[in-house]
Amino acid sequence: MQRIINFILRYRNAFLYGFLVLVSLVMTINSHSYHQSRFFNSSKWISGNVYGWSAHLSSYFGLRQENRKLVEENQRLRLALLNAPGDSIPALDPSLIQFQVTSARLIKNSIASPRNYLTTDKGEKQGVRQDMGVVTTGGILGLVENVAKNYATVQSVLNTKSNINAKIKNSQHFGSLIWNARDYTTVQLIDIPRLVSLVVGDTIVTGGMSSIFPENIPIGTIKKYELNPSRTFYNIEVALFNDMGNIRNVYLIGNRDLEEIRTLEERTSDE
Amino acid sequence: MNNALFLTLARFVLLVLTQVLIFNSLNFLGAINPMVYVIFFYWYPLKANRGLFMMVSFFLGLLIDIFSDTLALNAIASLTLAYARPVILRFCFGVNYEFQNFSFKNTTKVQRFTFLALLVLTHHLIFFSLEILSFGHILLILRKVFATGLVTLVLCVLFSSLFSPKSE
């Protein structure tokens, strides 16, 4: 016994090192295999507040540009509204609305890592839930992964774990939008069948197969494409509409029927 | 003694804040975010309790991980750096550093630079290997280590000469 204790005491630093490495490896593997860690992430109390203060200070520097972006969007929406045929605009009956929209500000952005997470200044108190879609005036941004009381973290489309249903505009051929971690201005669209005719510059939008995003939210344009090694599907490089490094205001989109769709899908796959 | 403790604590807090608020959103040349907090391992007292040093480093890394949503990557890298620091010290300064009256004052610039460069290299190698976690991307890892490491090193050299204590 004495010798065992002596042994442990002599190599206590190595033991401490081994123990702490083990702890952190477990955390790493947990956050790799499933969602980002639920207990330690940047939406939590200390980090959320620090980022909140910092964003509060730095938000003054981009006000002019941000205002211009929002006014341009308003202009676009007004144009669409005024030119729409009268009977195509449904009355805003709250019981008929499928998608809820909440606005939020980004208080932390990241584009340099292979798994990028963003943080917004709205959380559970303001009605943000897990798996809400996040878009900007330019297009798609990601989806809500973890929610704290006043903040939420967002899994960016620039994340190797991200997988979003997308299609080519004005067609029904859909594929999966992924990111290979190489360039923060381009993402990849895979699984588009070979028989589809593609043109460089075509617009890519979200498909209707996902219960998270509404259909036809812009993503980007085709930059180049090639057949995959088995020559059955296309690998398409998509240039994003969003300037991912320069984003302040975002919209969170919640699908009212998400719960119902999820339960139904789970029941179907169980059988 | 108390003064040294206070200094280390202040460095800890300030380095975490500088790292997460400034350098994590730098995106220099697209995607280079230097990890200047590595200089903590250069500044930390040489004759300190090793176990405590490892605990402090672990929490430093973990705190930065929580802020940047890279759970436990920074923690492993800094922990390993703290564990390996005596080896790196011996490599750079010879057996001299074990003597009671050793301090950075009586070492050459080249020695100090090598020490800092090795710290940065070790840290970045571990960090990026774990972050990308695939041997198929070995070139991507090396490119990231080299590019980010270079910027980190330049900034750390600047920091170390800017904030070097005059009395020591």
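## A barrel, its core and a partner chain

In chain A, 6 strands form a closed barrel in the order 1-2-5-4-3-12, with antiparallel pairing. Neighbouring strands of this sheet are turned against each other by 45 degrees on average, direction ignored. Helix 3 of chain A, residues 45-58, packs on the sheet. This helix touches strand 1 (99-108) and strand 2 (115-120) of chain A. Its direction makes about 85 degrees with that of strand 1 of chain A. Keep in mind that this is a predicted model.

Strand 1 and strand 2 of chain A form a hairpin, with 6 residues between them. The two run antiparallel and are joined by 2 bridges. Find L106(A): its bridge partner in strand 2 of chain A is T120(A).

Strand 1 of chain A also pairs with strand 12, residues 249-255 of chain A. This pairing is antiparallel too and has 7 bridges. Here A104(A) stands opposite V250(A) of strand 12 in chain A.

Next come strands 3 and 4. Strand 3 of chain A covers residues 133-135, and strand 4 of chain A covers residues 140-147. They pair in the antiparallel sense over 3 bridges. One pair to look for is V135(A) with its bridge partner I140(A) in strand 4 of chain A.

Then turn to the nonpolar residues. In soluble globular proteins, nonpolar side chains tend to be buried together. The largest nonpolar core in this model has 48 residues. Which of its residues touch the most other members? They are V134(A) and V144(A). Strand 4 of chain A gives the most to this core, with 5 residues.

Take V134(A) as an example. Set aside its neighbours within four places in sequence. V134(A) is then in contact with L141(A), G142(A), L143(A) and V144(A), among others. Its contacts also include V154(A), V250(A) and L252(A). V250(A) is the residue that stands opposite A104(A). There is also a second, separate core, of 45 residues. Among its members are L63(B), I66(B), L81(B) and F115(B).

Finally, look at where the two chains meet. In chain A, 27 residues are in contact with 26 residues of chain B. Helix 2 (12-33) and helix 3 of chain A each supply at least two residues of the side of chain A that touches chain B. Helix 2 of chain A gives the largest share of that side, 10 residues. What kinds of residues make up the side of chain A that touches chain B? They divide into 11 nonpolar, 15 polar and 1 charged.

Terms used. Residues numbered from 1 in each chain as written. Chains lettered and ligands numbered in written order. Predicted model: local features only at pLDDT ≥ 70, side-chain atom pairs only at ≥ 80, totals over all residues. Pairing = 2+ DSSP bridges. Helix = DSSP H or I, 4+ residues; strand = E, 2+ residues; numbered from the N terminus. Axes fitted to C-alpha atoms, helices over the stretch in contact; angles between N-to-C directions. Contact = placed C-beta atoms within 7 Å. Nonpolar A, V, L, I, M, F, W, Y, C, P; charged D, E, K, R; others polar. Core = buried A, V, L, I, M, F, W, Y, C linked by C-beta atoms within 7 Å. Buried ≥ 20, exposed ≤ 12 C-beta atoms within 10 Å, placed from the backbone.
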